[in-house]
Amino acid sequence: MLPIALGACSVIPDSVAPASERSYRATVERPDYAAARRAMQTPQRQATPRSTQLSTIRGDTCTAHLSQQKVNFTPLPDKYYGAGCATVGSVSVTGLQGDSRSFEISNLGPVACPLAEKLAGWARFGVDRAARKMLGASLVRIETMGSYSCRNVAGSSRRSAHATAEAIDVSAFILSDGRRIVLKEAWDNGSADEREFLRVIHSSACKRFGTVLGPEYNAAHRDHFHLELGGGTYCR
Ligand SMILES: [Zn+2]
């Protein structure tokens, strides 16, 4: 079990997120994904047309936000795999939009739409702007270790957020100068600038995602950032 959220992650100001973007985040209506998830976990509701309609309406709101963010995505049909595993209101994301160019994201798989929204904001305002400011090169591609996976939290009997496509594991960043910053190597052994860059984008992720786990959390996360939708502020 994860410890109770401690409200960390306030060390580095989110200077890369402009006022306009902060106000956008503050004012948009958030899809009630938690309710959709509860409906998914209640077997008798799975087949009811009303549940499907609500899911569709919420998905439409979220996908409209993705379109506004110029995310390259495809909505996916809801799928229920049993045993608490499902992809509901999820999308396939292949491209994200920065200030002046788009970037790719690889190996992602289905991702819950509200999580894709947070990813889009983090990639643009957290990662790309930090890369240009700190490393002098823009973001070209984010490499991931996937999103959906029907599994438990390691060492527990609790379903992982990956089991509902509500978590993404990010492993590396490709920059416009050809650099490939791999978390597993660069977190401790990259250049001073690269190590600082990774810590800055880790902190900016903590401002956007409910749970963020990285190399400092445990050995299982030495090679990726676990970015989870959630509702808390757990940052390690
Ligand atoms: Zn993960």
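## The zinc site

D169 is buried, with a relative accessible area of 6%, where buried means under 20% relative accessible area, exposed over 50%, and partly exposed in between (1.4 Å probe, protein chains only). This residue belongs to a predicted model, in which local features need pLDDT of at least 70, side-chain atom pairs count only at pLDDT 80 or more, and totals for chains, interfaces and linings use all residues. Residues are numbered from 1 along each chain as its sequence is written, and side-chain values use heavy atoms, with hydrogens and water left out.

D169 (OD) coordinates the zinc ion together with H162 (NE2) and H226 (ND1), at 2.0 Å. Along the chain, these donors follow the spacing H-x6-D-x56-H. Donors are N, O and S atoms within 2.8 Å of the metal (3.2 Å for Na, K and Ca); water is not among the atoms, so sites may look incomplete.

H162 is found in the loop between β7 (139-144) and β8. Strands (E, at least two residues) and helices (H or I, at least four) are DSSP runs, numbered from the N terminus. Like D169, H162 is buried, as its relative accessible area is 2%.

The side chains of H162 and R151 are joined by a polar contact of 3.3 Å. A polar contact is a pair of N or O atoms within 3.5 Å; within protein, one must be able to donate a hydrogen and the other to accept it, and residues adjacent in sequence count only if both atoms are side-chain atoms. Leaving aside neighbours within four places in sequence, the contacts of H162 include R151, D169 and H226.

## Overall organisation

The protein has six helices and 12 strands. Buried residues make up 49% of its 236 residues. Among contacts between residues at least 6 apart in sequence, 61% join residues at least 24 apart.

Helix α6 (residues 192-208) has 17 residues. The expected span of a helix is 1.5 Å times one less than its number of residues, so α6 should span 24 Å; its end C-alpha atoms are 25 Å apart, which agrees. Among the buried residues of α6 are F197, I201, S204, A205 and R208. An α-helix has 3.6 residues a turn, so residues three or four places apart point the same way.

## The nonpolar core

A nonpolar core is a set of buried Ala, Val, Leu, Ile, Met, Phe, Trp, Tyr and Cys residues joined through side-chain atoms within 4.5 Å. The largest such core has 46 residues, and those with the most contacts inside it are V93, L96, W122, F173 and F197. Helix α4 supplies the largest share of this core, 11 residues.

W122 is buried, with a relative accessible area of 0%. Not counting residues up to four places away in sequence, W122 touches residues including V170, F173, I201, S204, A205, R208 and F209. V170 is found in strand β8 and is buried, with a relative accessible area of 0%. Beyond four places in sequence, the contacts of V170 include W122, I142, L183, F225 and L227. The C-alpha atoms of V170 and V182, 12 residues apart along the chain, are separated by 9.6 Å.

## Aromatic pairs

Rings of Phe, Tyr and Trp (its six-membered ring) pair if their centres lie within 6.5 Å; planes under 30 degrees apart count as stacked, over 60 as edge-to-face and the rest as tilted. By this rule the count comes to six aromatic pairs. W122 and F173 form an edge-to-face pair, 6.2 Å centre to centre with 70° between the planes. The pair links distant parts of the chain, since W122 lies in helix α4 and F173 in strand β8 (residues 167-175), 51 residues apart. F173 is buried, with a relative accessible area of 0%.

Y217 and Y234 form another edge-to-face pair, 6.3 Å centre to centre with 85° between the planes. Y217 lies in the loop between β10 (211-213) and β11 (225-228) and Y234 in strand β12 (residues 234-235), so the pair ties together parts that are 17 residues apart in sequence. Y217 counts as partly exposed at 26% relative accessibility, whereas Y234 is buried at 6%. Ring pairs also link W122, F173, F197 and F209 into a cluster.

## D128 in helix α4

D128 is found in helix α4 (residues 113-135) and is buried, with a relative accessible area of 2%. A polar atom of the D128 side chain lies 2.9 Å from the backbone nitrogen of L139. Leaving aside neighbours within four places in sequence, D128 is in contact with G98, D99, F103, A123, S138 and L139.

Methods. Contact = heavy atoms within 4.5 Å.
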